[in-house]
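Let's take a friendly walk through a protein model. Have a look at the sequence and the structure before reading on.

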Amino acid sequence: MPDADKQMKNILITGATGYIGRRLKDRLLTEGNYNLRLLVRNSNKVRPSVLDQVEIVEGDTFNSEVLDKALQDIDIAYYLIHSMESGSDYKNLDRISAENFREAAIRAGVKRIIYLGRLGVKGTASKHLMSRIETGEILSARPDRIQTVWFRAGVIIGSGSAGFEIIRNLLQKLPVMITPTWVNTMTQPIAVDDVLSYLAAAAQKDLPGDTVVDIGASPMSFRQMMTSAARVMELSRFMIPVPVLSPRLSSYWLILFTPIPYKLASALVEGLKSETLVLNDHAIRYFPEITPMPYQDAVKKALREIEENQVLSRWCDSSAGAVCDIKDKDDPASSVLRDQREYPLNGASPDKIFAAACSLGGEEGWFHYHFLWQLRGLIDKVIGGYGLSRGRRERGRLRIGDSLDFWKVADIKENKRLLLVAQMKLPGKAWLEFDIQPDKLVQTAHFIPKGLWGKIYWYSVLPLHHLVFTNLAKQIILRGQRSA
Ligand SMILES: NC(=O)c1ccc[n+]([C@@H]2O[C@H](COP(=O)([O-])OP(=O)(O)OC[C@H]3O[C@@H](n4cnc5c(N)ncnc54)[C@H](OP(=O)(O)O)[C@@H]3O)[C@@H](O)[C@H]2O)c1
């Protein structure tokens, strides 16, 4: 099949701040050949070095003016969006989003939409999978006006992917695992790099009309995925299957031992009950040059990237909700309750103090009172939040949108300011701000309480705040001094 001409195509990537979108954007930038435009809900989430190489349109798929602007003069548009974390209405939002997108793409004369959905069939589909299938059907509902290439993948294995993080955490934390019977369900995992190869190649190929392309490496059960990853990690692990582990219990099990929250865990568990296998040969037929790497190699690569501090994106980068989790208007300046501490830098330079603040969390922990943070994290997990176990993407460096335990990075001004917004379950809205001035560090915990309960919460944790935040600021300065 002859390739389409390789002139500079105009490409739009949606979901460019998400797990797949971030990596696809990097892949296409490396390949060259394209004029890239990103549709993002908050451009601050795009690294400054990328901003010079792409065009940005800010907004979401619920706004047709934004879509018209984003899709103007575009040849090929990637649709890498979902609203899974938006609450019970997410199916409806996903439907509206896909319809808006398809219609705007037709208006703009876009030639092809490339969509990545999930493997699985309607009969046994979970609610989440059903929504992914519906999205594909909506995007490809007008073959007379626009072509759609719909990839379908199962568990994606890559550093920071939800599937891989679950496997890695369970194996690292549990020498003996009680497993539900569905660990024998068959699936076809695929390395994230192979997913990107398919997505990137689809921008270059001539393909006949609408095409659904199922992608995956060799079939294996979830049990085989676990034992094979254990071998790669050189761990001896035992699995004891029990018939009584219901989806609900399995989800609780997952939130206890992995970084993912209940909502995502229960959606994944629901999905794992049914087979997710490749049902067509279109990957081999249309993309013969791509051979998905074996599962063990994908695991090795993911582990190597974590080891080498090279994790490009994580499952928790995006908010995947109806609105972006990082909002410019959301400023702690309007907070009504504050715990503010000022300490002199004692000779440490602002850049060292900034670096010390940016090294917080994850494996580094939170200094002397880390156990109190852990306790808060445990309470958060129990009530359905992220807890402390999300850790961080990279050691040392942060970018806006990075998760940091139960915080998210809301703003960074190099060597001047680090602003974290709380994503733990709280009766209000909270931030932690490090304002680094030439001679002092001003550390502020901001809080906007929600009603009376919010105020009661704030005043009841004040004694703990005193311990934790005093120590935090002092230790940041000490760390900054030591690295000077
Ligand atoms: N990751 C996997 O393991 C996996 C496996 C199989 C298939 N897939 C499929 O791959 C696709 C991409 O998944 P992903 O894991 O990359 O998702 P993700 O990490 O959750 O990212 C979702 C992206 O969509 C953006 N977004 C959400 N709603 C939007 C809207 N209405 N308008 C504009 N942007 C919006 C988010 O922006 P914010 O940053 O502003 O939130 C984020 O950039 C999905 O269709 C998914 O089903 C993923």
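## Before we start

This is a predicted model, in which local features need pLDDT of at least 70 and side-chain atom pairs count only at pLDDT 80 or more, while totals for chains, interfaces and linings use all residues. Residues are numbered from 1 along each chain as its sequence is written.

## Two domains

The protein chain splits into domain 1 (9-307) and domain 2 (332-482), with bounds that come from an automatic or database domain assignment. Taken over C-alpha atoms, their centres are 32 Å apart. Domain 1 gives 9 residues to the contact and domain 2 gives 11 residues; two residues are in contact if their C-beta atoms, placed from the backbone, lie within 7 Å.

## The nonpolar cores

A nonpolar core is a set of buried Ala, Val, Leu, Ile, Met, Phe, Trp, Tyr and Cys residues joined through C-beta atoms within 7 Å. Buried means that 20 or more other C-beta atoms lie within 10 Å of a residue's own, with C-beta atoms placed from the backbone.

In the largest core, of 82 residues, Ala77, Phe151, Ile157, Val195 and Leu199 touch the most other members. Apart from it lies another core of 39 residues, with Leu398 and Ala430 among them.

## Helix α6

Helices (H or I, at least four residues) and strands (E, at least two) are DSSP runs, numbered from the N terminus. Helix α6 (residues 162-173) has 12 residues. Its buried residues include Phe164, Ile167 and Leu170. The buried residues of α6 pack against several elements, among them β7 (156-157), β8 (176-179) and α12 (295-307).

Key:
A residue is buried if 20 or more other C-beta atoms lie within 10 Å of its own, exposed if 12 or fewer, and partly exposed in between; C-beta atoms are placed from the backbone. The expected span of a helix is 1.5 Å times one less than its number of residues.
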